[in-house]
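Student: Please show me the model, and let us go through some of its side chains.

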Amino acid sequence: MIDQVTESEAVVYDIRRLILLRDLAERTTMTAVSELHGITTSAVSQQLRILEDEVGTVLTRREGRVLRLTPAGRVLVDHTSRIVAALEEAESAVAATAEQVTGVLTLATFRTAQTRLAMPAVARLRTEYPNLRVRVVDLMPVDSVPAVRQQEVDLAVTYSYSFRARDLPLGLGSEFLFADPLVLLAPENLRDQVRQRGLVAVKDADWITARDGAPSIVSVLYACREAGFAPRIEHRGGSFAAMAEMVDYGLGVTIVPQLSVSHEHGHLVAATIAGGSRQIGVTYRQASLERPAVAAAIRTLRTIAVPQRLAS
């Protein structure tokens, strides 16, 4: 006969402490976790010690300047992700019983998608659902995807390059909206050559790229490698607009997403890069899909994206 567990014997974990452990697994330092949650480092440390006492085993170990999870810690974090998802699924299911789309929705978007996609979607949501408050955060996908997972934002307009695979963290989903072609920008004296000979016509040109570490550098290296040469990078720009201005002044050539090219710089487009594009999409937590505000926002983004999809 199995003994019945009494109330005094049952262990009840505090979800807030479990989330702190999950965030430590991703950010590896107490300081990073304390900044994320707006509490002191000592408070984080104290809460994790209490959690270890509750579990009855060591959950972290120090490796140099960072903290790593023990096998027991990893098991607990895996279960935490499921618990958080289950709680959000329950909240979404309850919200789905409401007759109106209400509450607060936070949408993250990267800069070049704001004017043509995110802002029109926000304007339509505010018109169609006056009881819904929509907040917008300017974030690159490298930051917005973790923000979605951490429930700091509800949705994120994101991108990935067509020639680079992207794996989403467990519990997240993404819906493709449209392809944003990559284009070569070149000064007037080089444009005709490019149209006649392709990208190889600018193999000896000076190249302009973003700063080291920016995802867009990969698009330049990929396209040039496919054309059979390595680019001579002479200039760096802090934005696609700055790079286009450099091209307009004759400093060299560059490759940028078409969505980033303003009307002012449209004359610089010399060619479309074959097989190269940014896949624009919306990333969300799968557990939040039943929430009316999230579903409405995805539908709206999908509708706004239709003209872009047809044009690409």
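Tutor: At 8% relative accessibility, tyrosine 159 counts as buried, the term meaning under 20% relative accessible area with a 1.4 Å probe and protein chains only, while exposed means over 50% and partly exposed lies in between. This is a predicted model, in which local features need pLDDT of at least 70, side-chain atom pairs count only at pLDDT 80 or more, and totals for chains, interfaces and linings use all residues. Residues are numbered from 1 along each chain as its sequence is written, and side-chain values use heavy atoms, with hydrogens and water left out.

Student: How is the pair of phenylalanine 110 and tyrosine 159 classed?

Tutor: Rings of Phe, Tyr and Trp (its six-membered ring) pair if their centres lie within 6.5 Å; planes under 30 degrees apart are stacked, over 60 edge-to-face, and the rest tilted. By this rule there are 3 aromatic pairs. For phenylalanine 110 and tyrosine 159 the centres are 4.9 Å apart and the planes at 80°, so the class is edge-to-face.

Student: How is the pair of tyrosine 159 and tyrosine 161 classed?

Tutor: Tyrosine 161 has 4% relative accessibility and therefore counts as buried. Its ring centre and that of tyrosine 159 are 5.7 Å apart, with the planes at 75°, so this pair is edge-to-face.

Student: Which residue lies over the face of tyrosine 159?

Tutor: A charge sits over a ring if NZ of Lys or CZ of Arg is within 6 Å of the ring centre and within 35 degrees of the ring normal. Here, at 4.7 Å from the ring centre, the residue is arginine 278.
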